[in-house]
Structure formats: structure tokens, C-alpha cells
Amino acid sequence: MTAFDRPRRLRRTPAMRRLVAETTLQPRQLVLPMFVADGLTEPREISSMPGVYQHTMDSLRKAAVEAVGAGVGGLMLFGVPLPEDKDATGSLASDPDGILNRGLRALAEEVGGATVVMADTCLDEFTDHGHCGVIGSDGAVDNDATLHRYVEMALSQAAAGADLLGTSGMMDGQVAAIRRGLDAGGHTDTAILAYAAKYASAFYGPFREAVGSSLQGDRRTYQQDPANRRESLRELELDLAEGADIVMVKPAMSYLDILRDVADRSTVPVAAYQISGEYSMITAAAERGWIDRRDSILESLIGIRRAGADIVLTYSATEAAHWLS
Ligand code: PBG
């Protein structure tokens, strides 16, 4: 008889490790966030996110085809308008000819049916002040006035061919308002990916460059305080009651406890967003030779899956999908 138990028996060979691995990571579980920009003649690499581009309509289509060929489960599209096209209410966001809606139509045409086409349903890329909503007379983001704009935006995105709308603005009641608006507009089949828990994070930094954000200040009156855990369960309950089809936790790596809480209680699939700063940290350290890019990305993704995400949004989606297939 052995004097002590030996867990190492199950780690001895690659075959044994493969047999006992609990968590899977497959291309279909990954979603690639993409940026399409107005006024570009060729794709522009985002300097704080090496390997990630602001796309032209043409390069968007090509990158989408590559991602879908690699097996990714979905594409999440963000639009980057010209600075001079921004205004106080983000008018271009709901314009059928606005950059995001044109991009969605291109994706739906190119890869619709082969993957899930997702749209960011938020105003921050389109407002001249950079906030996720419209500003009220008191200078604060006006929740209910913003909901009207979200509904207009959602209707235009559904019409452009988006399958799933990502409600990332953190306004109260946004899922209910958008669900009601979509149904009234005949878009009962358009689904909602609710950003249930979204924290005010410093790790969004590179994204602000990616979308040419005009934000001064911060989003702390609508995004959650990193100190809070319980609040995410309240947000989850509300989003489920309001009709969310999928719920999301964002960012991922500093919020794995929240992800586990949400995954344990959600009655719908759970997504997590490995955001820009998380991508940039790994990329920068790997560029310096301090960590291995492939192993670090795959480890971070399996960790997010293990914490409870059914779906992971990551800028590494295509790259990881190639490694995994
Ligand atoms: C807001 C939005 C943000 C991101 C996605 N949607 C930025 C923010 O909340 O400031 C960040 C994504 C990332 O950092 O990768 N519509």
C-alpha cells in the first residue's frame, strides 16, 4: 500500500492528460471582435493592439472569411466613424448608411449563416463626447433618453442583418427596451447578448484607440465598481427577467470570480469578453520574449472557460482557432 496518494499518475503522459482534461476549448466557442472604419483606403493596425486592425469594408470581409474558415463561432462588429460625423446623440449609430450598419450588411452577405453576426449596440463610438448615452441637462448620462436611441440603433442593426445584439452601454432597462422595440418592429428572431456585468476597467485603454473614442473622464456612473461582486447578480437577474438570450461578463481575467457566480446562476448561455487591455498585455509581454504568446493565450482562454464561460470574445479568436484545429 502506498503511504500517500499520487495525483501525478494522471499527469504522466500526454495521452493520459488528454483523457482526463475537464475543460474544452474549441474554435466554435470563440467570438472575434472586429472594427470597421470609415474613410480608410487600407486597413490600419491599432498601435496598442498589434495584430488587430481597423478594417476597410474589403479587409473586413476577408478577415471574416478567414475567421469563419478557422471555425470561430461568431463575429462582434464595432464601427469607427469619421470624427466629424459624431454628434451629441450619436446619430450615425442608427443610420442605415452609417459605418456600423454598412459593415453588418457586408458581414451578413459574406458569412451570414456560416457564423453568428453580432453588433455592438452602444453609442460611445458615435457620440462627440464619447459617452455610451445621451447627456441630460444636468450633465449626466440620461438613462431613459438613451434607451430610445438604443432601440433605434437596434432596429437598424437587425435590419442590416445582425443575428445578435450586444448591449454594452450599461443603462438600466436596456434589454427590456430593446427587446420590446425589436418585437414591435417585427424582429422577434433577433437575439440579445446582454452585458450583464460590465465593470469600469482600466483595461479598456487600447479599445479607446481602436475606436477613436472622444471620451474625456470615465464611465463610473454607469459601469460597475470593480470592488463589487453582489451587484453583478442583481444585474444578471434583471437581464434574465428582461429577456436576455445570452449574458456576458466583462472584462474576463480580473473578474473570474464574477464569471463563476454568473455561470452558476444563469439559465442562459454565459459569455466572457477578454478585452483589449488583456490582449495587449499578453501581446506586449510576448513581444519582449517574456512569455510565450501561444501558450499564454491558450492558457488564458482555457482559464476563462474553466471559470464558467460557454463563449469567449477574444481578439485572438482566429489565431487561437487555427492553433486548435
Ligand atoms: C463600449 C464598449 C467598450 C468596449 C466594448 N464596448 C469600451 C468601454 O466600455 O469603454 C471595450 C472592449 C475592449 O476593451 O476590448 N461600447
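Predicted model: local features only at pLDDT ≥ 70, side-chain atom pairs only at ≥ 80, totals over all residues.
Start with the ligand. It sits in the largest cavity. There are 17 residues around the ligand. Arg208, Gln223, Lys250, Ser276 and Tyr315 come nearest. Sorted by class, this shell holds seven nonpolar, three polar and seven charged residues.

Now look at individual atoms. A nitrogen atom of the ligand lies 2.7 Å from an N or O atom in the side chain of Asp124. One oxygen atom is 2.7 Å from an N or O atom in the side chain of Arg219. The side chain of Gln223 also has an N or O atom 2.7 Å from an oxygen atom of the ligand. Each of these distances falls within the 3.5 Å limit for a polar contact. How much of the ligand does the protein cover? On its own, the ligand has 400 Å² of accessible area, and the protein covers 100% of it.

Next, turn to the aromatic rings. A pair of rings is described by the distance of the centres and the angle of the planes. The model has seven aromatic pairs. One of them joins Tyr279 and Tyr315. Their ring centres are 6.1 Å apart, with 65° between the planes. That makes the pair edge-to-face. Tyr279 belongs to helix H9 (residues 276-287), while Tyr315 is in the loop between strand S10 (311-314) and helix H11 (317-324), so the pair ties together parts that are 36 residues apart in sequence.

Finally, follow the backbone. Pro251 is in the loop between strand S8 (246-250) and helix H8 (256-265). Met170 is not a glycine, yet its phi is positive, at about 60°. Look for Met170 in the loop between strand S6 (164-167) and helix H5 (174-184).

Definitions and conventions
Residues numbered from 1 in each chain as written. Heavy atoms only, no water. Near = heavy atom within 4 Å. Polar contact = N/O pair within 3.5 Å; in protein donor to acceptor, adjacent residues only side chain to side chain. Areas by Shrake-Rupley, 256 points an atom, 1.4 Å probe, with all protein chains shown as cover. 1 Å grid on protein atoms, 1.4 Å probe; cavity = no way out; pocket = protein on both sides within 12 Å on 5 of 7 lines; lining within 4 Å. Sits in = over half its atoms within 2 Å of the grid points. Nonpolar A, V, L, I, M, F, W, Y, C, P; charged D, E, K, R; others polar. Phe/Tyr/Trp six-rings, centres within 6.5 Å; stacked < 30°, edge-to-face > 60°. Helix = DSSP H or I, 4+ residues; strand = E, 2+ residues; numbered from the N terminus.
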